[in-house]
Amino acid sequence: MRSYIIAGNWKMNLGPNAARQLTDQLLQQDSITSSAGTSTTVVVCPPYVSLTAVHEGASGSPILLGAQDCHQASSGAFTGDVSAEMLTELGCTWVIVGHSERRRDHGETNALIAAKATSALNAGLRPIICVGESLEERQQERTRQIVTAQVGEIADLLGQELITLCVIAYEPIWAIGTGLAASPEQAQEVHAWIRETLLHWTEAFVPILYGGSVTDANAAELFACKDIDGALVGGASLKAGAFGGIVSAAIGAGSL
Ligand code: PGA
């Protein structure tokens, strides 16, 4: 039986009231409420300000709470930042680090992302580390080089013990929010490269999620791929029916 992780990245959407409403709607999805008894893990990552509302709404349910980023230090003079320890206090057990929007808008490097993942693990959070190539890099046939360098640099800094505890998300930048998901073949090819790269650091199983325009319509074919262990979902995670459909596809794939 294969395990899947479905993580919703709400990005900068939904303040506390709207986040609570979506949580209530998610809990009306049979796939989500029944996921507890399956090998599928469901995580949602609302904005910081909505974490408490979602935590309260999802309490006692299979929905786990994650944040979209954390600072690498545990406290200090870092105006506007939030530490991993603070996130655990709000009920988080997961955190996304190194999303391409943060690499692009906040200049995050592989070294910083590795430091954030380390701090997350020290606080007891499971990091989802994002990697992926741009359209230009793909067109230049540099996808393998770019993605394995990102994974390798981060794994080098984390070392065997810590990389084993992480989750990787392969998110081609050209597929994020465009409606143009990678084909199952394109995604599987890169996932296999990532899997092979990780073997230099650990023989343990590290889940590799695909992200980029995942919907309830394309999820099943992606999850049928050998090395795709779930999804990091942006746009479709804001619609209860679509997110429920993606969870249902994972439960279906996991029961094969
Ligand atoms: P998308 O976003 O599903 O809207 O393409 C994915 C992500 O950015 O994590």
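A backbone N or O atom of G235 lies 2.8 Å from an oxygen atom of the ligand, a polar contact in the sense used here (a pair of N or O atoms within 3.5 Å; within protein, one must be able to donate a hydrogen and the other to accept it, and residues adjacent in sequence count only if both atoms are side-chain atoms). Taken alone, the ligand exposes 280 Å², and the protein buries 95% of that; accessible areas come from the Shrake-Rupley method with a 1.4 Å probe, and for residues only the protein chains shown count as cover. The model is a predicted one, in which local features need pLDDT of at least 70 and side-chain atom pairs count only at pLDDT 80 or more, while totals for chains, interfaces and linings use all residues. Residues are numbered from 1 along each chain as its sequence is written, and side-chain values use heavy atoms, with hydrogens and water left out.

For G234, a backbone N or O atom is found 2.8 Å from a ligand oxygen atom. In E171, a polar side-chain atom lies 2.7 Å from an oxygen atom of the ligand. The residues around the ligand number 13, and K11, H99, E171, G177 and S213 come nearest; a residue is near when one of its heavy atoms lies within 4 Å. This shell divides into four nonpolar, seven polar and two charged residues, where Ala, Val, Leu, Ile, Met, Phe, Trp, Tyr, Cys and Pro count as nonpolar, Asp, Glu, Lys and Arg as charged, and the others, Gly among them, as polar.

K11 deserves a word on its backbone as well. K11 lies in the loop between β1 (4–9) and α1 (16–26), with helices (H or I, at least four residues) and strands (E, at least two) taken as DSSP runs numbered from the N terminus. Its phi is near 50°, a positive value in a residue other than glycine. K11 counts as partly exposed because its relative accessibility is 21%, given that buried means under 20% relative accessible area, exposed over 50%, and partly exposed in between (1.4 Å probe, protein chains only). The loop between β1 and α1 also holds L14. Although L14 is not a glycine, it has a positive phi of about 75°, and with a relative accessible area of 27% L14 is partly exposed.

Turning to a helix, T148 is found in α8 (residues 143–163). Its relative accessibility is 19%, so T148 counts as buried. The T148 side chain reaches the backbone oxygen of R144 at 2.6 Å.
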